[in-house]
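Open your viewer, switch to a cartoon view, and get ready to click along. This tour tells you what to select next and what you will find there.

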Amino acid sequence: MSETTELAPRPVASPHSTRHGGGKIALAKLRDLALIPAIAAICVLGQLVNPVFLRYDNLINVLQTMSEIALLVLAQTIVLIVGRMDLSLESTFGLAPGVAAYLTVTGGQGLGLLPGMWAVPATLAVGLAIGAVNAVLIVRFGLNGFIVTLGMLIVLRGLLTGISGGQTFFNLPPAMMYLGSATWFGVPASIWICLVLFAAGIVVLGFTTVGRSLYAVGGNLDAAKAAGIRTDRVLIGVLVVAGLLAALGGLLLSGRLASVAAAQGSGAIFTVFAAAVIGGVSLSGGRGTVFGAFTGILLLYLIQNVLTLAGVPAQWIGALNGAIILVALVLSRLTSGRNQE
Amino acid sequence: MTGRPVVEAIGVSKRFGSTVALDGAGISVRPGETHALVGRNGAGKSTLVAVLTGLLAPEAGTLLFDGEPAPRLSDRDGWRRRVACVYQRSTVIGELTVAENLFLNRYQRGPARLISWPRLRREAARLLAEWSVDVDPRLPARELSVEDRQLVEIARALSCGARFIILDEPTAQLDAAAINRLFDRMRGLREQGVTFLFISHHLQEIYEICDTVTVYRDARQVLTAPVAGLTRADLVAAMTGEARPGSAAADRAGAPAGEPVLTVTGLSCSDRYTGVDFDVGAGEIVGLAGAGGSGKTELAETLVGLRRPDTGTITVAGRPLRPGDVPAALAAGIGFVPRDRHRQGLVGGMSIADNATLTIPHRLGPAGFVSGARRDGIARTMIDDLAIKTPGPDLPVTSLSGGNQQKVVLARALANDPRLLVLITPTAGIDVRSKEFLLGRIAGVAERGTAVVIASDELDDLRGCDRVLVLFGGRIVARFSRGWTDHELVAAMEGVDLHV
């Protein structure tokens, strides 16, 4: 970029005084950490409610139950940052392992066409294909992303109900259950996978040209084009990766439960959106971080855990969950100081 | 010493559907000059800019940079090295920092090809310092003022290697002091060999800063001449293509002020303005002059209920107005033309008829139902009344040119037969003819007994006023009756006293 040195720029006297935006800059950096105090508070509260809360086993349990949905949050976060929405992720979460089970399981609803070792590639391939269909419809045909993925949500859920006959797939091949049930270095593999993927997300979105182009596309599409970013490719790539992540999340859950229910993932998309928005990701694109989204989903699951430990009847958890999401939104609105649109 | 043109377009044509946007048009900009491009709205300027910046492919014609053919449309880097455009609409990304905006998609990378943010910020700070742009690179770009945002865009263009910069109405949203700073900077850059193509509706600015002017009319290049030898009358004639009639607003006889319609006493609003007193009589036009930040806009917005004052009262036709309440202001008979028609004036997706009747839902049908026929009837009357150029009232308002959009906003303000009409910079960003028409129309409204308040720093807007109140730093510092000179008024707006 040293082309400017061809000229010898002569300073033009600037009549207005230097302005410093120190406060605003500090605030922008802090926004990423906005939920840390809330998480700390919940930990203290949880410990007071029930001493089990901060025990290693309990925390591992929270992280593991969260890890599958967290991958959906990661997927939704990158889609939101490029200024789109993908509602179909929750159906991909169920259909991708469902198709793998359909093809590999013998007996019951399964066809048993493929050997068990093909289950994982089949799951990921389905996720990839769904992402590609979304991308073609949204980017190539210019259809409204919200409606396209809403349609896909219904179609994919229907497909899973169709192939499973509304039943649950059992007797999954061992290869399919490995990732969801294995333990690496004393910690469930799904937690490792979740943490590694989030760490990768933080690095890619924060420190690579490709990652930053997501923010440019979501923040101002015309400016991104003018800067030479191939915006269509970015959008297609993001939608495909999101499908892939959703499929992987579904695979982890199926492995942990050793089954694929026809309703796997149904309704999860609301939690996913809530976690992303609480974590500071903007629904209108261009703003938010992977780290913030992670703190968002972590906070939601910690609160749920505290409620369970406090002995709140299961029937009331749903209402409380909704209330918590609303309260968390208000809190994050107050800490960020700006409208969430 | 005139070298090869920095950019030369020959016989460029482009049509959109049945509309001819450019018809064998051309332009030739010599290195080191500041070249003005003027024309009325819809003359083809925007299309030419899109062609010159490689955003649109022309159907016919050639485009040369330094005598070489233009790069392919897909070669964005090639275009960025040759030409850059600072658009009226921002092309910075508000959520990203200034530093990142400067180096978008061409980041400084450290080990493992990861972006090195400290290095990027240092480079950005160096670049900004090099071109004397006084902005903190760590600031999110949305926090920048319009002025700083433009400077950042210019710095970015220069760092890409471009030495030819198109400024598309850069002064439209700046106040007088900022315009002067921009011009100083342009002169400085010109001495360093930067070539500008300058687009503006303000002819005065062209005489101030430009060497050569090219006039577009009806999709064609009609004139290219040195600014020095061109009279204003000739320039306007080239733009309009017909003899210019005398300005109705300027010739208006001073109407005797009737009963005060609006009385403002002791109005203050935290740090915006303090202790403002004035009144406006029936049939009187009062100007609120002042530079950006003088408080004139906020004061005008308070009159119509968009802002709530801390202290003071506003009385309309003898009755105190509920502060900070737009419906109450409408009910009291106040019509309003807001500052920015894109943001506050019009609903882009809605039709002309819907936009024009937004303030008068009760007249559209009984019990909250809207009669399409009645609405269109009212809108047609407005379209005829204000000579809005459109095939019909059901077109989306965004299909109109800027001048005609502003007429829709004025039509809506007049729909209530207001007692008091408040306008903020009513002629910003519209062409000369629409401007004269609008100002003439405003004078006509006043003649029928409506009190008018115009908040503007545009001398042409203020020329038709019976009285002009000048705000500076939130206080009324001067009051002029008819017969003020440009010098006096500008000096007062800038806070300079000519008589000391």
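Predicted model: local features only at pLDDT ≥ 70, side-chain atom pairs only at ≥ 80, totals over all residues.

Residues are numbered from 1 along each chain as its sequence is written, while chains are lettered from A and ligands numbered from 1 in the order in which they are written.

**Stop 1**

Select chain B and colour it by secondary structure. Chain B has 18 helices and 20 strands; these are DSSP runs numbered from the N terminus, helices being H or I with at least four residues and strands E with at least two. Its radius of gyration is 24 Å, close to the 23 Å that the globule rule gives for 500 residues, so chain B is as compact as a globular protein of that length. (The radius is taken over C-alpha atoms, and the rule is 2.2 Å times the number of residues to the power 0.38.) Along the principal axes, the C-alpha atoms of chain B fill a box of roughly 70 × 50 × 50 Å.

How much of chain B is buried? Buried residues make up 49% of its 500 residues. A residue is buried if 20 or more other C-beta atoms, placed from the backbone, lie within 10 Å of its own, exposed if 12 or fewer, and partly exposed in between.

**Stop 2: a sheet in chain B**

Strands pair if DSSP finds at least two bridges between them.

Zoom in on strand 9 (residues 212-217) of chain B, which pairs with strand 10 of chain B in the antiparallel sense over six bridges. B:T212 has B:P226 as its bridge partner in strand 10 of chain B.

Touching residues have C-beta atoms, placed from the backbone, within 7 Å. Axes are lines fitted to C-alpha atoms, for helices over the stretch in contact, and angles run from 0 to 180 degrees between N-to-C directions.

**Stop 3: helices of chain A**

Select helix 5 (residues 119-140) and helix 11 (residues 231-257) of chain A. Their axes come within 7 Å and cross at roughly 145°.

The axes of helix 5 and helix 6 of chain A come within 10 Å and cross at roughly 145°. Show side chains for the contact, including A:I130 and A:N134 of helix 5 and A:V148 and A:M152 of helix 6 of chain A.

**Stop 4: two alanines**

Click A:A258, in the loop between helix 11 and helix 12 (268-278) of chain A. A:A258 is not a glycine, yet has a positive phi of about 55°.

Finish at B:A317, between strand 14 (311-316) and strand 15 (319-320) of chain B. Phi of B:A317 is near 50°, a positive value in a residue other than glycine.

Definitions and conventions. Contact = placed C-beta atoms within 7 Å.
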